[in-house]
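Hi everyone, thanks for making time for this. Let's have the model up on the screen and walk through one part of it together.

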Amino acid sequence: MALFSVQLITGAFLRAGYPSPMDHHRGPLLPPARGPLSAAVIAYLRGGGPLPRPADAEAADPYGDDLQLALYLCYELHYRGFAGVPPDTEWDPDLLRVRAALERRFRSALRSDTPVHDSLDEALGALLVEPADGTGVTHFLCDEGELWQLREYAALRSLYHLKEADPHAWVLPRLWGRAKAAMAAVEYDEFGGGRAERVHARLFADLMTDLGLDTAYGRHLDAAPAEMLAVVNLMSLFGLHRELRGALVGHFAEVEITSSPGSRRLAEAMRRTGAGPAAEFFYDEHVEADAVHEQVVRHEVIGGLLAEEPELAPDIAFGIDATEYLEDRLARRLLACWRAGRSSLRTPLEQSPPAPRASSVHTPRASSPSAPQEQQASHTS
């Protein structure tokens, strides 16, 4: 009976487009290095070469390509790993010491640079206010974004959305009572309510297909600038440390509270550009789901956690504010590039996406010129 159950589960994963959970040999390829830190980590993962010294991490740009890629590589071993890298490398003690040094540099910079609200109530209150004259990335894409810019945005966000909810699941063993029950309920929705084809990572892969993007996990890592890597690394940093459980809950609150209005704008951008029905559906789904999640997270996850551990309020506020800080850094890069008519990516996407499928909403297709000639961004490590 147990073997039969495993076979059923494996078949469901394969039918939904996932690799078999029994297959430990599949995974993304290791990317090119972006500096001495990431080069040393990549060489070590390939079976040769010394790891960086802790002092090397302490001298690196905490937000630069080199440190952020090195940290991303260490974290990814706790997700799906890399092709050719043995699974037990996840707990290699020498690599964990390097990861700790990279984390210290990143955490210290965040603590120093993040503008933090005076109280959790203020931090949450700021999230609940939608500015009348919003100028962020989703506003830009909704009002004037072109198809090539939506493709870039999806390629970058795939580093998170193809493992959506996974980093947040790490907090579940660190919660109890109301907070645990509510967090599990929201995660259940994120994982498709028990239906593999409704897992949000699967829905995002469908969105990518509409946009003519390769849906392979980790495929667009090399295209992602340091600002995007930092956004993803923050979730792993919070999720992997029990002492940062409050910050992880704060991060989750920021994601869920701001998701619904942002998703509404992105759904409209997908409709306006004729991106395709799956592209529209992903964000339409988040408009409805995250409007409910926002209430659950605020009142039950945060409320339940504070009822048990009120001393974590400053950590929750820090999680909210650090997330906003890194998202703002990413937004500045994207908007500066797009408004100048150039790519925001480090490496180019395919220049001409296939014709999108018919939209489920009958709106005129906006003309969308080909993406501009994309230039290699300067490394900031």
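In α4, the buried residues are Asp-65, Asp-66, Leu-67, Gln-68, Leu-69, Ala-70, Leu-71, Tyr-72, Leu-73, Cys-74, Tyr-75 and Glu-76, where buried means under 20% relative accessible area with a 1.4 Å probe, protein chains only. That is 12 of its 12 residues. Helices here are DSSP runs of H or I, at least four residues, numbered from the N terminus.

A word on the source: this is a predicted model, with local features needing pLDDT of at least 70, side-chain atom pairs counting only at pLDDT 80 or more, and totals for chains, interfaces and linings using all residues. Residues are numbered from 1 along each chain as its sequence is written, and side-chain values use heavy atoms, leaving out hydrogens and water.

So what do the buried residues of α4 pack against? They pack against α2 (36-45), α3 (54-58), α5 (93-113), α8 (147-161) and α12; contact means heavy atoms within 4.5 Å.

Let's take α12. The axes of α4 (residues 65-76) and α12 come within 9 Å and cross at roughly 40°, the axes being lines fitted to C-alpha atoms over the stretch in contact, with angles from 0 to 180 degrees between N-to-C directions.

Ser-236 is buried, with a relative accessible area of 1%, and it touches Tyr-75, Tyr-79 and Trp-170, not counting residues up to four places away in sequence.

Note on methods
Buried < 20%, exposed > 50% of the residue type's maximum accessible area, 1.4 Å probe, protein only. Helix = DSSP H or I, 4+ residues; strand = E, 2+ residues; numbered from the N terminus.
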